[in-house]
Amino acid sequence: MPGPAFFVVMLAKIAVVFGLMLLSVAYLTWLERKVISDFQVRLGPMRVGPHGLLQPIADGIKLMFKEDIIPQAADRTIYVLAPTLALIPAFISFAVIPFGDRVRLFGQSIDMVISDVNIGLLYLFGVASLGVYGIVLGGWASNNKYALLGGLRSAAQMISYELSMGLSVVGVLMLSQSLSLVRIVGAQSKAWFILLQPIGFLIFLICAIAETNRAPFDLPEAETELVAGFHVEYSSMKFAMYFMAEYANMITVAALATTLFLGGWRGPFLPPVVWFLAKLYLVIFLFIWLRATLPRFRYDQLMQFGWKVLLPLALANIVITAAFVALR
Amino acid sequence: MEWLFFIPLAVLALATAVLVILLRNPIYCALALVGTFFALSGLYLLLQAEFVAVVQVIIYAGAIMVLFLFVIMLLDVGHEPPPWLRQDRPKLVLGLGLVALLVLELAVAIGSWIAPGIRGPYTSDYINAVGNTQLIGRLLFTEFLIPFEITSIILLIAIVGAMVLARR
Amino acid sequence: MTGTVPLSAYLILSAALFAIGVIGVVIRRNALIIFMAIELMLNAVNLTFVAFSKFLGSMDGQIIVLFVMAVAAAEVALGLAIIIALYRNKESVNVDDINLLRG
């Protein structure tokens, strides 16, 4: 049984990560609005606080005070549970992502990761595959045809792109010889994996955008399609939870992309955590950039792209990488 | 110490399994089955089979049950009457009688069995040294290569079969 | 309660889950729930395999479990396709209604 110091450190890490995640999710909404308004040559939120910095707080208060409507024929238990089910996988994914190197604090050597599981990457895929439940159950529990169809479409999209996402990472696994994310970051000391696995990175990024239902793959939840999809019957806090879940998922896949392909916390001069956050911000900025620029995929185009283009490409990537590793 | 994890996981597995066969609404049964899969995944972790535990979540809870939920939601599956209201009660009694016989046989078989204590080469220490996933990978491509290839053919058959059967 | 969990505890749990699965197949009439009970039986057997794998110091159990999971996935895909095809013809998934061959 490890001593009390172990538990204190772990709880502190969990508290810090959880708190920062919640804060980031809130300010990611602000960031997105500001960046998109810059792309569209307008100002964005400016009124609430300097440069709209208090906008997320205003949005949060507004959402909390809205009337909480539950449709009469909706399945109450699952209707209330579904947004939470959507939020949980996004947050527990962060348990295995390394933020930095070892630090010495109060005489203890602390790893900057909540839990270095030796099957970390598989754990992340398991958790990602659970993200489907929140959406499909929310769509069904609303007792609304459009919500059900939107939920099923979104779920089908997620499980299709999950496959290519998993396969695109196998190249990284072959190069790093380990499933533990800490060791994958360790294996990028000479060269970041984006240089060795460019196709893998591209496929992973595209699949990550599709997984989190972001533009240009946001057909299932766009307001102009299918009446906003699976969250059409949700209001107030439950809608806010779905909203938060989407942004939290975005942060999670960006952190994954950073860890697997961009070298995690590696970088000269600056402290590792700063490098991690900088790379994270870069990937998130890329996501927002894509949202501001590209039109939406139609659903059948989306599915065709996932199965007929990305899947063979990911498999080809595996074969080529395997050939290189075997010949080395 | 292990009992501290085993007892709650076992109780959860049994409770959710009973819920699967007793609940009337198929969606609730599916969700109870997901609960069973999580409990089993926890038990696999307790048995130090990490790869199997995570693969259980990915495949069963993450893919197979989602498929179940799709089908339940798309087909208008009604609720069936509870067993004590059904017309075919003799069949029910016979069936449950045979199940009781099965349970009796299992109890006798497990109760009178003596553990062999034979130890193969793959002890926990060896597995932890090499790595569970690495070891499974190694064995899968050497000793169990033929079943592996046959499984891939089975999956191909399933894909083609599902597409043919579900097409209009 | 001290010490490790003995093998018989896992075997008893697995047998109980298997029996619950069998009861589910016997008493339910909804094809989808019968299918879920079958999955329950498969998982009970998986638990037995992994438990033996740990206590006999062999990796065969864990590898066979992977094969069982793959076959179960294939079976679920095909089984659900069959159920969908049945539903299209009969508008019902109650196994008592599928009696066209009854003499």
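From its N terminus on, chain C of this predicted model runs α-α-α. The chain has three helices and zero strands. Its C-alpha atoms fill a box of roughly 55 × 25 × 25 Å along the principal axes. The radius of gyration of chain C is 18 Å, whereas a compact globule of 103 residues would have one near 13 Å.

Two packed helices are described by the angle between their axes and the distance between the axes.

| Helix pair | Axis distance | Angle |
|---|---|---|
| α1(B) (residues 2-22) and α2(C) | within 9 Å | roughly 155 degrees |
| α3(B) (residues 50-74) and α2(C) | 12 Å | about 175 degrees |

The axes of α1(B) and α2(C) cross at roughly 155 degrees, and α1(B) is therefore roughly antiparallel to α2(C), since angles over 145 degrees count as such. The crossing of α1(B) past α2(C) is left-handed. On the side of α1(B), the contact is formed by A17(B), V20(B) and I21(B), and on the side of α2(C) by M36(C), A37(C) and L40(C). By class, this contact comprises six nonpolar residues, with no polar and no charged ones.

Helix α3(B) packs against α2(C) at about 175 degrees, so that α3(B) is likewise roughly antiparallel to α2(C). Here V52(B), F68(B), V71(B) and I72(B) of α3(B) meet L32(C), M36(C) and V50(C) of α2(C). The contact of α3(B) with α2(C) holds seven nonpolar residues and, again, no polar and no charged ones.

**Domains of chain B**

Chain B is divided into domain 1, covering residues 1-80, and domain 2, covering residues 128-168. The centres of domain 1 and domain 2 of chain B, taken over C-alpha atoms, are separated by 22 Å.

**Contact between chains A and B**

Chain A contributes 16 residues to its contact with chain B, and chain B contributes 14 residues. On the side of chain A that touches chain B, α4 (120-141) and α5 (145-176) of chain A each supply at least two residues. Helix α4(A) gives the most to this side, with nine residues. By class, the side of chain A that touches chain B has 13 nonpolar, three polar and no charged residues.

Key:
Residues are numbered from 1 along each chain as its sequence is written. Chains are lettered from A and ligands numbered from 1 in the order in which they are written. This is a predicted model: local features need pLDDT of at least 70, side-chain atom pairs count only at pLDDT 80 or more; totals for chains, interfaces and linings use all residues. Two residues are in contact if their C-beta atoms, placed from the backbone, lie within 7 Å. Helices (H or I, at least four residues) and strands (E, at least two) are DSSP runs, numbered from the N terminus. Ala, Val, Leu, Ile, Met, Phe, Trp, Tyr, Cys and Pro count as nonpolar, Asp, Glu, Lys and Arg as charged, and the others, Gly among them, as polar. Domain bounds come from an automatic or database domain assignment. Axes are lines fitted to C-alpha atoms, for helices over the stretch in contact, and angles run from 0 to 180 degrees between N-to-C directions. Angles under 35 degrees count as roughly parallel, over 145 as roughly antiparallel, 65 to 115 as roughly perpendicular and the rest as oblique. A crossing is left-handed if the near helix is turned anticlockwise from the far one by less than a right angle, and right-handed if clockwise. The radius of gyration is taken over C-alpha atoms; the globule rule is 2.2 Å times the number of residues to the power 0.38.
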